[in-house]
Amino acid sequence: MTQPLLSARNIHLTYSTTTGLIRKKNVATTKAVDGVSFDIYPGETVGLVGGSGSGKSTLARIITRLIEPDSGEVWFDGELITEISPDRMRLYRRDIQVVFQDPLHSLNPRRTIGESIARPLLNFSTPKKVALAKARELMEVVGLNPDSVSRYPHEFSGGQCQRIAIARALALEPRLLILDEPVSALDVSVQAQILNLLKELQKRFGIAFLFVSHDLGIVRYMCDRTLVMYRGQIMESGMSDDIHDLPGHPFTRNFIDTILTMDGGARWLEVASRIEDVEGTQMTTEGCVFQAACTHAMPQCRVTTPELRSVDDSRSVACHLYNEETGFSPSDLNSKYQGE
Ligand SMILES: Nc1ncnc2c1ncn2[C@@H]1O[C@H](COP(=O)(O)OP(=O)(O)OP(=O)(O)O)[C@@H](O)[C@H]1O
Ligand code: SF4
Ligand SMILES: [Mg+2]
């Protein structure tokens, strides 16, 4: 059986916010990532979807080791990268690249785009001439005119800047590309072009993607599998079509229902922030994190945190509705709603 390219195991990270310049006081803590485990296989596209503040970017930064978790393990290609030395980690930096949401701010305004794209190669001791020639090649790959290699980021549109950022991320021929909301800062018309470019590159180079987004529709279009995140935990994981058509977790169901009942233009982000607003004052420390908003909540949901358990061939759900005795299934959850 194929081994995962990346495995995250029981990742935890709590942020503490402090006040005071000299005597620092902890004023608040946020469990940004709370016991998350998942795998990404070579060449696979995995979507990480959830509302604002659910912990998606924190998780993405942990698996690239831009930040360290409080506990948990990240394995890449069979090696425990959360425990290796910075020198050894440098080798993996070639393999795991990230594209962020804001294309213009992710580029150095004082560097020509050719220098920006070539920078990762120069960092790995590629001769300057070779790196700049490769930058021109990559510009062509992402659909930009290589003759613009000496221009600066401010001379490009948002969509073009995102193409430059993608070219830079491809320079070291990574095996895993993490895309953190790569199109949400772009106009809708440009979003489709970038998504199609990413799909094409994924097919051409066989790179695995972790695609982070608020938008379940985009994730379904882009990804084989989807992980649904809420308050630092994975609520559900499975094939993207299944999750979209027959959600298994009451949280996912709630999200999709809210999207369907809102105006055509309303998107995941608005839905997400509504749910966060409603529940903002009802943080729970015990039991299921979704209990305050769940219409199915039972006494055990107040005391025991449900584990992410397999409910069919490809789906896992963290919810007490699913257990061997009741034989509850995603169809049961959805027929309840259709009957109402
Ligand atoms: N540096 C930080 N210090 C303190 N709290 C933080 C920090 N970064 C993030 N958080 C908090 O951690 C939680 C998760 O944040 P994160 O940015 O990972 O969420 P997200 O799912 O990426 O949200 P968004 O969709 O808005 O980008 C949020 O409650 C956020 O306020
Ligand atoms: S565990 Fe309980 S509260 Fe949580 S989603 Fe399932 S039914 Fe609702
Ligand atoms: Mg984020």
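Mentor: Gladly! Let's start with a term: a polar contact is a pair of N or O atoms within 3.5 Å. Keep in mind that this is a predicted model.

Trainee: What makes the pairing of S52 with ligand 1 a polar contact?

Mentor: A polar side-chain atom of S52 lies 2.7 Å from an oxygen atom of ligand 1. The cut-off is within 3.5 Å, so this pair counts as a polar contact.

Trainee: Which polar atom of G53 lies 2.8 Å from ligand 1, backbone or side-chain?

Mentor: For G53 it is a polar backbone atom, 2.8 Å from an oxygen atom of ligand 1. S57 uses a polar side-chain atom, which lies 2.8 Å from an oxygen atom of the ligand. Taken alone, ligand 1 exposes 630 Å², and the protein buries 62% of that.

Trainee: How do you know which residues surround ligand 1?

Mentor: A residue is near the ligand if one of its heavy atoms lies within 4 Å of it. The residues around ligand 1 include Y15, T30, A32, K56, T58 and H214. The shell has 2 nonpolar, 9 polar and 1 charged residues. Lys counts as charged, so K56 belongs in the charged group.

Trainee: Which element gives the largest share of that shell?

Mentor: That is α1, with 3 residues. Both β2 (25–40) and α1 (56–63) supply at least two residues each.

Trainee: What makes the space of ligand 2 a cavity rather than a pocket?

Mentor: In a cavity, a 1.4 Å probe fits but cannot get out, whereas a pocket is open. The space taken by ligand 2 is the largest cavity. Around ligand 2 you find, among them, H249, C288, C294, H296, C301, C319 and H320.

Trainee: How many residues in the shell around ligand 2 are nonpolar, polar and charged?

Mentor: There are 8 nonpolar, 4 polar and no charged. Cys counts as nonpolar here, so C288 goes into the nonpolar group.

Trainee: Why are β6 and β11 said to stand at the edges?

Mentor: The open sheet has 8 strands in the order β6-β7-β8-β3-β9-β10-β12-β11, with mixed pairing. β6 (96–99) and β11 (309–310) each have a single partner strand, so one side of each is left without a neighbour in the sheet.

Trainee: How do you know that β7 and β8 pair?

Mentor: Two strands pair if there are at least two bridges between them. β7 (residues 176–180) and β8 (residues 208–213) have 5 bridges, in the parallel sense, so they qualify. L177 stands opposite F209 in β8.

Trainee: What about β4 and β5, with 2 bridges?

Mentor: The requirement is at least two, so 2 bridges are enough, and these strands run antiparallel. F76 stands opposite E79 in β5. The two strands form a hairpin with 2 residues between them, and D77 in the turn has a positive phi of about 55°.

Note on methods: Residues numbered from 1 in each chain as written. Chains lettered and ligands numbered in written order. Predicted model: local features only at pLDDT ≥ 70, side-chain atom pairs only at ≥ 80, totals over all residues. Heavy atoms only, no water. 1 Å grid on protein atoms, 1.4 Å probe; cavity = no way out; pocket = protein on both sides within 12 Å on 5 of 7 lines; lining within 4 Å. Sits in = over half its atoms within 2 Å of the grid points. Polar contact = N/O pair within 3.5 Å; in protein donor to acceptor, adjacent residues only side chain to side chain. Areas by Shrake-Rupley, 256 points an atom, 1.4 Å probe, with all protein chains shown as cover. Helix = DSSP H or I, 4+ residues; strand = E, 2+ residues; numbered from the N terminus.
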